[in-house]
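User: Hey, I'm new to this one. Can you walk me through its side chains?
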Amino acid sequence: MTFRQSITGVILAGGLGTRMGGQDKGLVPLMGKPLYQHILERLSPQVGSIMINANRNQARYNESQLTVISDLENNFSGPLAGMQSAMHYAKTDWLLFVPCDVPAFPLNLAEKMFNEKGNHLACYAQDERREHPTFALLHRSLKTQLDDYLARGDRKLMIFMQEVNAKGIIFSSEFDAFANLNTLEDSRNWELQQK
């Protein structure tokens, strides 16, 4: 078994899209197709299987023929809720989480994180400027710790990463690779840069 087969990729598309005017970010058109499909194209070669975490428009996401899962508690409580749901559903040892609004994330994300995690059960991406904890590789054995963390009412992703001794994996040459499209203007600017 290659390392890829031991990883389930999870596209996090469960947010409210507040800065997108309430639109479902993963379904916002970009270069003629929904944003999440750009994520899917980059993620597919990196992992053994993929699921999508979405709390609305499941029928649209189901058109991808992928497994679509909702948060266990349907109160839009952030990316950790999507991670929790995926950890309850996945059959593989490892889960690689990627947000639905970052269309240029590194093509070696899974390989670099898997190879550099060492003995850590969790790691996340970072660049020279900041941490990007929604890009995370988590071992399924952390499921109970995540359940407990969310049951306490905690929601902050980086604090959870610190609690589980997650390792930051530095992507040094990937300037802007982790830039997310938060607004419709961001999406339009990104399209213009691709032309």
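Predicted model: local features only at pLDDT ≥ 70, side-chain atom pairs only at ≥ 80, totals over all residues.

User: Cysteines to start with. How many disulfides does a search of the whole structure find?
Analyst: The search comes up with 0 disulfides.

User: OK, and is Cys 100 buried or exposed?
Analyst: Cys 100 is buried, because its relative accessible area is 5%, under the 20% cut-off. Cys 123 is buried too, with a relative accessible area of 0%.

User: Switching to rings. How many aromatic pairs are there?
Analyst: The structure has 7 aromatic pairs. One of them is Trp 94 with Phe 114, whose ring centres are 6.1 Å apart.

User: Why does that pair of Trp 94 and Phe 114 count as edge-to-face?
Analyst: Their planes sit at 80°, and over 60 degrees counts as edge-to-face.

User: Where in the chain are those two?
Analyst: Trp 94 is in strand E6 (residues 94-99), while Phe 114 belongs to helix H4 (residues 109-116). They are 20 residues apart, so the pair links distant parts of the chain.

User: And are Trp 94 and Phe 114 buried or exposed?
Analyst: Both Trp 94 and Phe 114 are buried.

User: Which residues do ring pairs link into a cluster?
Analyst: That cluster is made up of Phe 105, Phe 135, Phe 171 and Phe 178.

User: Last topic, charges. What sits over the ring of Phe 105?
Analyst: The charged end of Arg 42 does, 5.8 Å from the ring's centre. Phe 105 is also one of the rings in that cluster.

User: And what about the ring of Tyr 89?
Analyst: There, the charged end of Lys 91 sits over the ring, 5.3 Å from its centre.

Terms used. Residues numbered from 1 in each chain as written. Heavy atoms only, no water. Disulfide = S-S within 2.5 Å. Buried < 20%, exposed > 50% of the residue type's maximum accessible area, 1.4 Å probe, protein only. Phe/Tyr/Trp six-rings, centres within 6.5 Å; stacked < 30°, edge-to-face > 60°. Helix = DSSP H or I, 4+ residues; strand = E, 2+ residues; numbered from the N terminus. Lys NZ or Arg CZ within 6 Å of the ring centre and 35° of its normal.
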